[in-house]
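I opened this model to look up its core, its aromatic pairs and a few helices. My notes are kept in the order of the look-ups.

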Amino acid sequence: MPSQYDRMAHLLRRAGFGARPDEIDAYLKIGFAATVDQLLNYEDVPENPALPATPITRDGTFNIRLLTPEDTASWWIERMIKTRRPLQERMVIFWHDHFSTAVSKVGAPNGYKFLYWQNLLFRQHATGNFRSLVKAINRDPAMLWWLDNYLNIKGSPNENYARELFEIFTLGLDAYFAGVYTEPDVQQAARAFTGWGLLCGDNLMHCEADLDRFNEQNGPLATPAEVIQIPPNAPDNSIAAQRHDYTDKTVFGRTGNFNGDDIVDLIFDQEPQRTYAARMICKKLFEYFAYENPETSVVEHLAAVALRTNFDLKAILRDLFLNTKEFYSNKAMHALVKWPVYYAVNAVRLTQATMDLRQLYGGGFGGFNIPAPASIAAMGMVLLNPPDVFGWPGKENWITTSQLFARANFANNLTTARGFAPAPPGIPIDSVLSAAGLNTDSTAEQVADYFIKLLVQAPLHTELRQLLIDYLKKDDAGNIGTFKLDETTKDKKVRGLIHLLLSRPEAQTF
């Protein structure tokens, strides 16, 4: 069984971006329950004052008109690195993948701000109520554009959003194969979402141009409420009302003059849809935080929590981190491949490094730019641009040959500070060693063991550990000599050790 230290390190890796040994020891002193409460009740944790409130656009301020994907993504990465509320940012990543929306389609100029607003929405609802989050997504400009619901009008319903609402967002394919929802249910639900769209004027095919004209005539569209058009409950002369189908629809065997929010309520209030929604989201949360293909008993246990608490995400996560023994099992330890953004943020946080975050992001959105070779884009993950409606495939897809090279390039850049700013760039070696309690009297064994404990957080094979110790002791000619943690050793060997460990297969999982 994992030790208490290993269990705490595991919790802090999964519910955050990892922690240093001294931080893990501090959390052990307050215990698991208090640690989980601190992670979950992040609104009570004073945020880092150095955390940027908004992205910085090219005018040096925050101008919603000038916002680019690089602005938003680099701002988000900085939040991940500096936040004192790591679970909140981990959940923003989760929802970005779950409600997959991409800049490749939701493009310039208005789509850039749409994706920024969606990021704020995910942060606001990160651990709130699942039903409330889904209703917020119903009227999210990026989603209305991404799944074409602005084209969904009375007499010509577009089924894209209704289909993904059932298939991906709430019920899952298992529910379809079990007959919990059918093709007619999708078709009828699409009618409930007619008229739920964007500021498009009379010609839907020129929606983006209309948004641009509105920008020019009335100033920049600065909030989502200025962009969307939602039909009122009763018909009026508004464009949204004219596009909405106010006649009865039959969904899940129930008939009524349903709108989009009513469809969500049917999912979360009616059986068997309610139970299948609980199973779907709890299985996905467990797979994100623990391991793939969980046992049925695990899913049913967490689903019972979801049903009992009316889909309170915080309650589900508290039970997962405190009461689900499988989360701390040997099967869960280091069972997941680090997502590229997690790999980079984890390394930066653990080594207290500074970097050029735009270069770390790497661009490459939409297939038009070549990603920087040491960026998370080159590692296979372009934030704000997941590949399709299913999000990133993950798993072994994160560790192709080229993507492993990108991780090694990142590790090299991190440890040697080549091309990064601002000054002082890279890793503050003295600060890292001070946190470790290492000094000029420390042995090569102590240095190697600490950085293994810091960066891999699992024992290495005896022979591999010895090779790392020998590396620390070798001079430039390759001869093993006396180890001394002096300035030269810190600058060459310690940095080299960090590079070697971050490039190891063992450092690619968490």
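**Basis.** I am working from a predicted model, where local features need pLDDT of at least 70, side-chain atom pairs count only at pLDDT 80 or more, and totals for chains, interfaces and linings use all residues. Residues are numbered from 1 along each chain as its sequence is written, and side-chain values use heavy atoms, with hydrogens and water left out.

Buried is under 20% relative accessible area, exposed is over 50%, and partly exposed is in between, with a 1.4 Å probe and protein chains only. This core has 169 residues, and Phe166, Phe410 and Phe451 touch the most other members. Helix α15 (residues 273-289) gives the largest share, nine residues. Helices (H or I, at least four residues) and strands (E, at least two) are DSSP runs, numbered from the N terminus.

I then listed the contacts (heavy atoms within 4.5 Å) of Phe166. Leaving out residues up to four places away in sequence, Phe166 touches Leu171, Gly172, Tyr181, Asp185, Val186, Ala189, Val251, Phe252, Ile263 and Ile267.

**Helix α20.** With 16 residues, α20 reaches 23 Å from first C-alpha to last, close to the expected 22 Å. Its buried residues include Phe410, Arg407, Asn412 and Asn413. The cover over the buried residues of α20 includes α18, α19 (357-361) and α24.

**Helix α22.** I repeated the check on α22 (residues 444-455): twelve residues should span 16 Å, and the end C-alpha atoms are 16 Å apart, which agrees. Phe451 is buried here, as are Ala444, Val447, Ala448, Tyr450, Ile452, Leu454 and Leu455. Among the elements covering the buried residues of α22 are α2 (21-30), α18 (340-351), α21 (429-436), α23 (462-473) and α24 (487-503).

**Rings.** How many aromatic pairs does the whole structure hold? My search finds 33. Rings of Phe, Tyr and Trp (its six-membered ring) pair if their centres lie within 6.5 Å; planes under 30 degrees apart are stacked, over 60 edge-to-face, and the rest tilted.

Phe99 and Phe169 form a tilted pair, 4.8 Å centre to centre with 55° between the planes. Phe99 is in the loop between α5 (86-98) and α6 (110-124) and Phe169 in helix α9 (residues 160-170), so this pair ties together parts 70 residues apart in sequence. Phe99 and Phe169 are both buried.

Phe286 and Tyr291 have ring centres 4.9 Å apart and planes at 85°, so I logged the pair as edge-to-face. Phe286 is buried at 0% relative accessibility, and Tyr291 is buried at 3%.

**Thr194.** I ended in the loop between α11 (183-192) and β1 (197-198), where Thr194 lies. Is Thr194 buried or exposed? At 1% relative accessibility, Thr194 counts as buried. Its side chain reaches the backbone nitrogen of Asp245 at 2.8 Å. Beyond neighbours within four places in sequence, Thr194 is in contact with Asn152, Ile153, Lys154, Pro157, Pro231, Arg243, His244 and Asp245.

Definitions and conventions:
Core = buried A, V, L, I, M, F, W, Y, C linked by side-chain atoms within 4.5 Å. Expected span 1.5 Å × (residues − 1). Polar contact = N/O pair within 3.5 Å; in protein donor to acceptor, adjacent residues only side chain to side chain.
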